Amino acid sequence: MPRQLGELEDAVMTRVWQWNRPVTVREVLEDLQQERSIAYTTVMTVMDNLHQKGWVRREVDGRAYRYTAVSTRAAYSAALMNEAWSQSDNPAAALVAFFGMMSAEQREALRDAMRIVLPTLPEDIVQPAVEAAGEGGAEGAEAADDAEPDPGR
């Protein structure tokens with residue numbers, strides 16, 4: 001499980017992910033300097049740390065390295081959500097509470113994702129399940145708390 005990126009690591013990775021191409025320390029530095037005062041050596045150290053942690057791969061290009069993301073931001077976010085969910089003592093309640101916090105746009109994204117991931121399920125099953133999850137809120141979380149634990153967990 002990846003640990004959450006630090007603030008500066010996230011700022012660097014955001015650029016690597018957005019640009020979606022091999023990048024140099026100099027490119028990242030110049031973009032970061034539009035928002036903050038930061039030294040070349042600081043960015044170089046962060047990118048080296050990201051390489052050591054497995055977030056980016058690097059290839060020599062002349063006297064510099066070019067860094068490329070190993071995975072996508074979506075995969076990173078999914079891993080963080082999965083880790084948080086797996087740490088819960090009641091995963092069903094955690095999901096119901098999470099769904100209850102979602103905005104309308106997030107619920108729509110969830111519907112779209114379920115249509116992609118579960119294409120074999122009929123829409124009359126997927127749609128009500130997603131809507132119920134999005135409307136659950138605290139009451140749904142309390143109901144999930146009362147549910148019997150899954151003996152397989």
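The side chains of D10 and R73 meet in a salt bridge, with 2.8 Å from N to O; the term denotes a side-chain nitrogen of Lys or Arg within 4 Å of a carboxyl oxygen of Asp or Glu. D10 belongs to helix α1 and R73 to helix α4, so the pair ties together parts that are 63 residues apart in sequence. Helices (H or I, at least four residues) and strands (E, at least two) are DSSP runs, numbered from the N terminus. D10 is partly exposed, with a relative accessible area of 25%, and R73 is likewise partly exposed at 32%. Buried stands for under 20% relative accessible area, exposed for over 50%, and partly exposed for values in between (1.4 Å probe, protein chains only).

The model is predicted: local features need pLDDT of at least 70, side-chain atom pairs count only at pLDDT 80 or more, and totals for chains, interfaces and linings use all residues. Residues are numbered from 1 along each chain as its sequence is written, and side-chain values use heavy atoms, with hydrogens and water left out.

In total, the structure holds 12 salt bridges. Another of them joins R58 and D48 at 2.7 Å, N to O. R58 lies in strand β1 (residues 56-61) and D48 in helix α3 (residues 40-52), so this pair connects parts that are 10 residues apart in sequence. R58 is partly exposed at 22% relative accessibility, and D48 is partly exposed at 26%. Between E108 and R115, the closest N and O atoms of the salt bridge are 4.0 Å apart. A network of salt bridges links R21, E27, D61 and R66.

Leaving aside neighbours within four places in sequence, T24 is in contact (heavy atoms within 4.5 Å) with Y65 and R66. T24 is buried, at 13% relative accessible area.

The largest pocket holds about 410 Å³ of space. A pocket is an open set of points on a 1 Å grid over the protein atoms alone where a 1.4 Å probe fits, with protein on both sides within 12 Å along at least five of seven lines; lining residues have an atom within 4 Å of a point. The volume is the space filled by probe spheres set on the points. Its lining consists of A78, M81, N82, A84, W85, A94, L95, F98 and F99. Helices α4 (73-86) and α5 (91-101) each give two or more residues to this lining, and α4 supplies the largest share, 5 residues.
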